[in-house]
Amino acid sequence: MALLKKDRPLLVALSTAVLFSLVWGALAGPAAAEEKPVTITWWINPWRIAPPGFPEDKAPTAEDFPRWVSEEFMRLHPNVTVKYEVLTNQGFDQKVAAAILAGKPPDILRPISFKQEWVRQGLLEPIDEYLTAFDLQDFYDYALNVGKVGDHYYLFPWNNSNNGMGSSLLLNPRMFAERGVPLPPLPDRSWTMDEFMTAARRLSYDTNGDGTNDVYAIGMSARMDLMNNLAWFHIFGARYVDEGQRRFVLDSPAGVRALSWLVDAIYKERISPPGAEGMGIYDVINLFHQQRLAIGYGGPYEIGRIDRYLKEGRIKQKFPVHVAQFPHFPEIGPVAYHTSGGFVVFKQTDPYKRKMVMEFARFLTNQENMSLLRSLLYVTARKSVNENLYKGYEFEKEIDVYLRAISHGIPYFGSAEIDTTPADKHFIAMLEAAFSRTKTPQQALDEFVSQANRLVFRGR
Amino acid sequence: MRTPPRRLARRLYQDRWAYLFLLPSLAFFSVFFLVPVAWGAVLSQLDYRAFGSRWVGLDNYRGVLSDWLFWRSLANNLYYAAGVVPLWLGKALFVAAVIFPFRKLFQNLYKTAFYLPHVTSAVIISLIWLWIYNPPFGLLNYILKTPGFAWLGNTLTAMPALIAMQVIMGGGSTIVLISAAMGSIPGDYYEAAQIDGATKVQQFVRITLPLLKPTLLYLLVMGTISSFQVFTNVYLMTRGGPQFSTITIGYLIYETAFTYYEFGAASAMAMVLFAIVFAVAVVQFRWLSSDVEY
């Protein structure tokens, strides 16, 4: 006992040390384990975003943004290695599909388009618990809904829209001025269908006197982005699928009127070049770039594309471009395509790695990093970022027109609950049939609806 | 008569060097061809999911064989092969026959010229022809003065346009092979024919063609197989349109696997294609090789 009394301070010190080590072990132990090295693989298609401090006289490459943002994240999380890979647009889906087939998808991906099939196959992580209350209020609803399947979200929204295709039009003001056609007025450059047709007739003309138009108001094409073609249908009040999301209804009287108008634009009104049944979206974009079309498709991003093509020598002559709304019927009102792109996280088995991948996705889509989309003239998926992003900027008016256009936005392909992709090729075939006049608009639409319903809604 | 095991072992030992030298090639063939084909056969019976596939037996085959688009693509494939193979082989034979009497230098010059498209990327060739066929500003419409005509947008002209492109651009390696085979025909035959008063055409029909038969049979089989596998032109130029008039099995397999992620159904299509091409090759060999001397 005497010995114990004498050594009491030592005992107390030892006990304290043991207790401290136990507490430390309990608290610090897991943290230490959490800081284990993690490697995140990230795939993205080319986004030529200028990172902070990038020289203004240089054009950013597709590598600059992913490299910068990966390095920034690794600086904040030294135990994490981000291995990014920039995939070309051509072959993007094949490479992702092959990786999925091999059971080795990337940890995080910026898909060209969100695939619900991945959710159905159990390939994606739900992100609900990584979205804060602020995120849920700050992201546009339509942007969140793009990646919503069932009750869960699977996509961290990043950018608005798909180059503005199906949301707005591009005007060549020089060609409008040459033909004495007034532009639709600011602030929203909204015009009725009658005003559009009056302008379109005057913008289509024969330059060499051979009796055939060489310059046209606008281009149509069967193999164009689906969004642009569907925009024309929606303008007439037609809808792709019914409100109950149970069947395709494009063969409605409004749909037939819309398709008849598209065919007439080529053959009767001659405001659109012939050969639409054999052309694709890039043929139409090229015609606009060659100033053989006065009106093109897309949003502000397409202004940046013209600038890039000029630098690359693909366009010889610079020309001004204004954004305008698609025309509308007063009784129906304006309409635009609403969608969003972002990042998905593939299934993770290690909880800590899952946490860090989600952290990286959050980092990519935080307000600061999202605002870098400005260098591409992209509108972002966050309300708070868009508020001031283009204030005082060269293209502020164009962005404003675009934002006003998409305020009328709807998802053309119905809700995210249904995957209409299997019907896409039949939609194109329907347009090919109508544009080549091998079928009447009614026949082409009836056939499309029948095929599409069989493929998408069979068994529902 | 059964070979006794000891005799077999002795023969294997005697030919050991031959087997050893064949081994690398066999290994590559197995890894890159046999294993994928076997795996494709397995995959065709699965509802394939990256995490947790399900065995569905012949369901994928039933689905494929009851899909009208599959039969449409098969018919298109037959149309394409029936158009491309005879024209391309005929063109190669004609060019080889025309350039064969030339001096070696000129022969090589022409062979090189015809071979060049063969080493050019099919993507580049397709893009050039897309421009040629472009409705509003394509070269073909400019020459024919038919502005706006969509060669690739019309159900009647789209497939012939693809066939024409393939026939015009293809045949380089075939010309080289036929020329080489012509060179191996002994000159005595032609001298004897000349003495007998045979014309050039008669010499070609009675001597050259029969002696070229083994080469032509090989080219016919290989050409048919590659015609059934056509993909790049369709993918880049028509995407199977207009109204599915150019959709081929190769393109449908690609679309099913990489657009709709139905790997099982795509593998079932691939296995059916494999069986068809195999059967066509067997028939061609049986019918045409009866009087071929190797």
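Predicted model: local features only at pLDDT ≥ 70, side-chain atom pairs only at ≥ 80, totals over all residues.

Reader: How many helices and strands does chain B have?

Author: Chain B contains 14 helices and 2 strands. In chain A there are 19 helices and 13 strands.

Reader: What are the spans of the two chains along their principal axes?

Author: The C-alpha trace of chain A spans about 120 × 55 × 40 Å. For chain B the corresponding spans are about 80 × 75 × 30 Å.

Reader: How do I read contacts against the sequence?

Author: Look at how far apart in sequence the touching residues are. Of the contacts in chain A with a separation of 6 or more, 75% are between residues 24 or more positions apart. In chain B, 64% of the contacts between residues at least 6 apart in sequence join residues at least 24 apart.

Reader: Which pair of residues shows such a separation in numbers?

Author: Take A:D446 and A:V256, which are 190 residues apart along the chain, with C-alpha atoms separated by 9.5 Å. A:D446 belongs to helix α19 of chain A, residues 441-456. Its relative accessible area is 34%, so A:D446 is partly exposed.

Reader: How do I describe two helices that pack together?

Author: Give the distance and angle of their axes, then the handedness, then the residues in contact. In chain B, the axes of α4 (residues 68-99) and α11 (residues 200-228) come within 10 Å and cross at roughly 145°. The crossing of α4(B) past α11(B) is right-handed. On the α4(B) side the contact includes B:L74, B:V84, B:W88 and B:L93; on the α11(B) side, B:F204, B:L212, B:L216 and B:F228 are among the residues involved.

Reader: Which classes of residue make up that contact?

Author: The contact of α4(B) with α11(B) has 17 nonpolar and 4 polar residues, and no charged ones.

Reader: How many aromatic pairs are there in the whole structure?

Author: Over all chains, a search finds 52 aromatic pairs. Take A:W191 and A:F196: their ring centres are 5.2 Å apart and their planes stand at 85°, so this pair is edge-to-face. The cut-off behind that reading is an angle over 60 degrees. Both A:W191 and A:F196 are buried.

Reader: Which residues form an aromatic cluster?

Author: One cluster in chain A includes A:W42, A:W47, A:F65, A:W158, A:Y301 and A:Y378.

Reader: Where is A:N163, and is it buried or exposed?

Author: A:N163 is in the loop between β6 (156-160) and β7 (169-171) of chain A. It counts as buried because its relative accessibility is 17%.

Reader: Where does a charge sit over a ring?

Author: The charged end of A:R437 sits over the ring of A:Y267, 3.5 Å from its centre. A:K95 lies over the face of A:W43, at 5.2 Å from the ring centre.

Reader: What should I look for in the backbone?

Author: The bond from A:L186 to A:P187 is cis, with omega near 15°, and A:P187 is in the loop between α8 (173-178) and α9 (193-203) of chain A. In chain B, a cis peptide bond joins B:G241 and B:P242, with omega about -5°. B:P242 is in the loop between α12 (232-237) and α13 (249-258) of that chain.

Reader: Which residues have a positive phi without being glycine?

Author: A:R270 has a positive phi of about 55°, and A:L377 has one of about 60°. A:R270 lies in the loop between α11 (253-267) and α12 (281-289) of chain A. A:L377 is in the loop between α15 (367-370) and α16 (383-389) of chain A, and with a relative accessible area of 6% A:L377 is buried.

Notes:
Residues numbered from 1 in each chain as written. Chains lettered and ligands numbered in written order. Heavy atoms only, no water. Phe/Tyr/Trp six-rings, centres within 6.5 Å; stacked < 30°, edge-to-face > 60°. Buried < 20%, exposed > 50% of the residue type's maximum accessible area, 1.4 Å probe, protein only. Lys NZ or Arg CZ within 6 Å of the ring centre and 35° of its normal. Axes fitted to C-alpha atoms, helices over the stretch in contact; angles between N-to-C directions. Helix = DSSP H or I, 4+ residues; strand = E, 2+ residues; numbered from the N terminus. Left-handed = near helix turned anticlockwise from the far one by under 90°. Contact = heavy atoms within 4.5 Å. Nonpolar A, V, L, I, M, F, W, Y, C, P; charged D, E, K, R; others polar.
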